[in-house]
Amino acid sequence: MGLNFISSILFATVVAGTPLIIVALGELVTEKAGVLNLGAEGTMSVGAVAAFAVAHHTGNPFLGILAGMGAGILMSLLFGISALTLMANQVASGLALSIFGVGLSAFIGKPYESVALASVEPIRIPLLHKIPLFGPALFEQQGLVYFSWVLIVAVAWFLYRTKAGLVLRAVGESPVSAHSIGYGVVRIRYQAVLFGGAMAGIGGAFMSVFYTPMWVEGMVAGRGWIALSLVVFATWRPARVMIGAYLFGGCMIAQMFVQGSGVRINIPAQFLSAMPYAATVLVLVLISRNRGTIRLNSPASLGQTFLPDA
Amino acid sequence: MPTETPAPPRLEIKGIRKVYPSVIANDGIDLTVMPGEIHAVLGENGAGKSTLMKVIYGVIRPDEGELRWEGQPVTIPSPGQARDLGIGMVFQHFSLFETLSVVQNVALAIPGEFDLPALSKRIEEVSTRYGLPVDPRRLVHALSVGERQRVEIIRCLLQNPRLLILDEPTSVLTPQAVRKLFETLRQLASEGVSILYISHKLDEIQELCHKATVLRNGKVTGTCTPSQETPKTMARMMIGEDLPVCHHGEPGDGGEVRLRIERLSQPTEDPFGTHLHGINLEVRAGEIVGIAGVSGNGQQELLRAISGEEPLADHQAVQMCGVPVGHFTPTRRRALGMCFVPEERLGRGAVPRLTLTENILLTAYRKGMLFSGLIKWGVAKKFAEDCIARFDVKCGGANSEAKSLSGGNLQKFIVGREIMQEPRLLVLAQPTWGVDVGASSFIRRTLLDLRNSGTAILVISEELEELFEICDRIVVIAKGTLSPSKVTSETGVEEIGIWMSGMWPDAEKPGDAPHVA
């Protein structure tokens, strides 16, 4: 117990929250453009297996990340063609993509089942990582952890400080109006969807190359869905996505420590395992129940197919 | 933008034709607009005005025809191209983004650098120069309809347009705001901007426009100089016959109270909604009471409270035919003899994908269409056919889907459906909104007949003209409160217009400013 113990919980929390942040921010951008892509779970899975395969064969984790990203983009391109070009129902297309992706990743991953990768050395920020308690959690992490923080700032800055972000939000709020003042709604939505796919792929890559690091079928384990709900419960705001992701990560780690600590408690293990999901949903619902902020931040055209006038 | 006098027409279009599967929307339309000219495009609903404007603005492509812009032949494949040419459009249904601020909305439409503070300054300049006051920092959803229109206009003006298209711009404004808009438009025209002004309001066109092109059934039926015509002659060009005159009978001598609203206060949870407070109103058998007001001042909320879509905690707040119904569902209220025509036709007034017969069943099933819970299709179909015939609904028969009807025809159908149920109390929202002149006057006459036969009628409308034509008494709604009622013959458009900005005598508390247009 003591400082070391808390420090390692903090460290593990940040690690567990990282893939959620990356995936959720990608989905947030997609949804801000008015597109509901429920395929995050499948996209993450395919990204994870692709990243693992490439990292395994090349021995280069960085190439693994790129492969995960590429696979994510391809998956979301499938979604885009179906939902944006062919104007199929977004919900159905996304669900299909999720089921397809999970299955596909299991199929591709067969030869890699239970193969382990060498773990990657974290990047230590000189001096800072020696700070007691917070040092390891904040300054002795994988590159993708730092990337996730940069991503939060970048996404927030893009959405609220740049014209391109304003256009994206406008498309999500009213595609008809955006079209009538001359913006290419479908093109912008494609860009947002592909970005979301790339981030989901990277999130998957983080899981298989850095987090575990091994391939096991079903290793994404619902994190894609959690990322989706984080976006909604965070009322489409990047900073709240981070809160939600770390909250989930924290509960996840805490329950694992409790289960592994040998302390005898009369709570079924399944209940403890469900805690992170329940706690995250509960807390986010509580902090975001103001209907005004929901109306102001949720993209009004979310999930609606855009059909320009003939 | 100074103009050289021997200039070619700003816009000249020839032989525009656009055919949709079921209808020829535009059939060989010619139109010429000179620099600095305010040109009216006049026509009933479905005459092809909107299609023509969408062609000019690049939203839809014509099948045939040519466009010339300042003498040069052009094609306009997209709204972006139209704006590059210098064409700006103010839509009837605004193309604004509610959750963004005014300056962000404007920035979206302006090419070039993304510098919001500088843009705010330019917005303020333009708004003072043309008398269009608006605060660039406010969020659009908090603006009144009139203010939103100003934002649309400012957004167009910042692009220095040489042709400005306005689609039914006054339908959402108080009379005072209309006058202000006209001043702005005249000022623009005097600076050389051409204006295409789409409307079906004849008096406005006479007052404002230099030239008019009249459309009917997708064809040009005439061009004229409005100042040399009378509303009557223009109406004849527009609908092909003289406008029937409404005869308003003697005001009723006060039958029993069919609808009583007492101290109705209802807070709303919708951040874009309006709180109702302290509303009192009585509607008696044999009278038509009108509620005037600029939209967004509580009409939606009041309607929901009356129709029963939003049940009230206070049972006494709404009483129908003497029964407290505050907690009643719409079905129970209808059982008491209330009929209701909502503002949105597709979605609330009718189910888009159901046939007309099925839509009849939804509210009129009490008229002998059920037998032990089973539907008597014959009776329902007969009712639908009667309704179609009696109200002259143009459609493909009782089996056509509701969404296949044009807005005006569907409205006639819905109003017909409710009227044919012989209601004791009829509540209508915007009964003639978007309905052409001929059909509107028919609907109004029908309402008057219904009133004479003893029905209590409540009409909520933004069209003052309409209220003055049919109502016995008028009240005004502003910021969720109701003014005292006025007998129609003892008041005028001027007074009601002032009341619409919340300034009636002994208005409870001035408090926060109402939605003034």
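Biologist: How many residues does the contact take from chain A and from chain B?
Modeller: The contact takes 17 residues from chain A and 22 from chain B (in contact means C-beta atoms, placed from the backbone, within 7 Å). This is a predicted model, where local features need pLDDT of at least 70 and side-chain atom pairs count only at pLDDT 80 or more, while totals for chains, interfaces and linings use all residues. Residues are numbered from 1 along each chain as its sequence is written, and chains are lettered from A and ligands numbered from 1 in the order written.

Biologist: Which element gives the largest share on the chain A side?
Modeller: Helix α7(A) does, with five residues (helices are DSSP runs of H or I, at least four residues, and strands of E, at least two, numbered from the N terminus). Elements giving two or more residues there include α8 (175-180) and α13 (291-297) of chain A.

Biologist: What about chain B, what is its mean pLDDT?
Modeller: The mean is 85, and 92% of chain B's residues reach 70 or more (pLDDT is the predictor's confidence in each residue, from 0 to 100).

Biologist: Where does it stay under 50?
Modeller: Over residues 509-517 of chain B, for which the model has 21 contacts beyond four places in sequence. Where pLDDT is low, the predicted coordinates should not be read in detail.

Biologist: And the scores for the model, what are ipTM and pTM?
Modeller: The model has ipTM 0.79 and pTM 0.74.

Biologist: New topic. Which residues of α12(B) meet α13(B)?
Modeller: Cys387(B), Ile388(B) and Arg390(B) of α12(B) meet Phe413(B), Gly416(B) and Arg417(B) of α13(B).

Technical notes. Two residues are in contact if their C-beta atoms, placed from the backbone, lie within 7 Å.
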